[in-house]
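Here is a short tour to read alongside the model. Keep the viewer open and follow along.

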Amino acid sequence: MNNKKIQSVYEDQDVIEAILHSNNLDPVVRHLYRTNFDSVASYIRSNSGGDEDAEDFFQEAIVVFINIVRKGNFRGDSSIKTFLYSIARNLWRNELKRQNRALMRETNYYEQSEKEEQDIQDSISENEVKNQLLGLLDKLGENCKKILLMFYYENLPMKEIFQHMGYETEQVARNMKYRCMNKLKQLLNEHPEMKQNFRSLLANG
Amino acid sequence: MDNMNNTNRAEWIDRYVQGNLSAEELQHFQATMQQDATLQQEVEDTQIAQALLQHRGLRNEIKSIRASMKAEEEEGSVQTLAEVSSNTVAVESPTETDEEKEAPTVPMYQWGGRVAAGLAIFLVGFLIAQYATLSPEGLYEEKVASEPPYLGLSNRSMEDRQDTIADQVRVEYQFGNYEEVIRLYGELEKPTFAETFRVGYSHLQQERTDEAISAFQQVLQDQNAFMIKDKAEYYLALSYLQDGQIETAVDMLEKIHTNNDHDYEDSLGSLYLWRLRLLKMKY
């Protein structure tokens with residue numbers, strides 16, 4: 001329908017700028033899918049993966065890529081295409097290792113510096129630590145998850161949140177957010193080891 | 001920061017963590033934090049929670065963008081199919097083209113007729129598409145998705161008291177932890193209509209329609225529940241819809257719509273009602 005309109009052409013530098021400074025990730029994520037999904041999917045499919053794996057691991061690769069960019073660790077030594085492919089390849093290799101399966105066809109035609117490779121590995125480990133804790137959010141309840149995501153991810157003001165959630169007043173929304181946050185902290189405290197891993201990640205910046 | 005209550009303190013911490021303190025406030029906050037180990041701990045916990053929420057938020061956003069892309073691709077292929085079929089029609093009617101060649105001038109009334117015919121075809125196509133895609137589950141989802149989550153009978157008691165199982169039912173319900181509401185409800189010795197309403201709504205959210213229907217019916221039979229009668233009726237109708245009991249659901253929703261005194265009189269638009277009637281005809 002309007003997909004022609006949003007198919008903007010991005011240079012690598014525009015992608016980085018958009019990830020760092022734009023509030024709207026939609027066009028840049030679409031661009032990353034359009035220009036990189038097929039090659040990653042074909043790599044995964046030719047190495048014992050299915051269509052669903054290709055979708056899941058490409059999505060994971062984008063999360064890792066965005067986090068690397070936001071931390072200022074994408075130096076542009078290689079192109080985004082090479083970089084994203086490499087993240088996805090590493091993620092898929094780890095998955096196969098986890099399943100005790102070997103790669104059938106390794107494609108090493110993308111050059112990667114050691115430093116870049118290390119950054120990617122570090123970010124993937126960080127991503128795994130975060131993923132381990134994601135299940136806790138599902139124990140919060142739908143309303144709690146919604147209100148906390150609106151506040152801490154979308155950065156919406158309480159005035160908008162209380163209207164969106166259908167609370168009677170802004171104060172009710174504030175109280176609710178406070179209680180939900182306490183519940184999340186309590187859940188985190190019930191998993192001291194994972195919380196400690198997460199703390200170390202944050203401390204290492 | 002002095003003399004602050006818990007919520008207030010949490011707001012200061014949020015503002016610090018999100019980098020929204022002025023230079024003066026920041027200096028004061030940091031000085032307080034150096035002297036207050038508990039505050040330091042709270043800040044660290046908030047940072048961890050925030051980082052986790054941001055991780056989930058980013059994943060959700062990417063997932064939803066991908067879902068939109070796929071939906072648009074599907075829509076695009078449907079459009080392409082439509083274009084192909086209209087081209088096929090054009091190719092299959094060469095006589096018409098020949099006739100047009102032979103008669104270069106077309107009277108205006110014929111054009112009017114063609115436009116009307118086009119509109120009629122479009123309308124018939126629209127009706128057929130509506131009819132073909134209508135389902136009770138679809139209409140239920142559409143209604144529920146367009147409404148904010150129903151939070152409760154009253155927002156007065158928002159405090160964290162969890163002394164009794166009934167308190168816990170209320171708290172978990174407000175959090176939207178519907179499985180937990182259902183579990184705790186089972187432990188209540190004498191549930192009130194308020195708890196029964198909450199468990200009905202929780203069952204509805206978990207798509208356990210039989211249980212939802214039974215809970216809302218129970219609320220409606222309780223004479224003390226007059227304050228929430230309209231709500232229970234509305235959600236009972238939606239439960240029937242989710243359950244596929246179309247006639248009952250549509251009759252109830254029609255009645256709600258025509259009752260000027262009903263709390264949910266305005267919550268059903270005319271197009272929605274029209275589609276409900278169409279659904280009734282279909283099944």
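A residue is buried if 20 or more other C-beta atoms lie within 10 Å of its own, exposed if 12 or fewer, and partly exposed in between, with C-beta atoms placed from the backbone. This is a predicted model, where local features need pLDDT of at least 70 and side-chain atom pairs count only at pLDDT 80 or more, while totals for chains, interfaces and linings use all residues. Residues are numbered from 1 along each chain as its sequence is written, and chains are lettered from A and ligands numbered from 1 in the order in which they are written.

**Helix 10 of chain B**
- The buried residues here are Ala212(B), Ile213(B), Ala215(B), Phe216(B) and Val219(B).
- Seen down the axis of helix 10 of chain B, the buried residues fall within an arc of 165° (taken from the directions from the helix axis to the C-beta atoms), so they line one face of the helix.
- Those buried residues of helix 10 pack against helix 9 (193-205) and helix 11 (229-243) of chain B.

**Where chain B meets chain A**
- In chain B, 37 residues are in contact with 45 residues of chain A (contact: C-beta atoms, placed from the backbone, within 7 Å).
- Helix 3 of chain B gives the largest share of the side that touches chain A, 23 residues.

**Chain A**
- Chain A has nine helices and zero strands (DSSP runs numbered from the N terminus: helices are H or I, at least four residues; strands are E, at least two).
- Of the 205 residues of chain A, 33% count as buried.

Notes:
Two residues are in contact if their C-beta atoms, placed from the backbone, lie within 7 Å.
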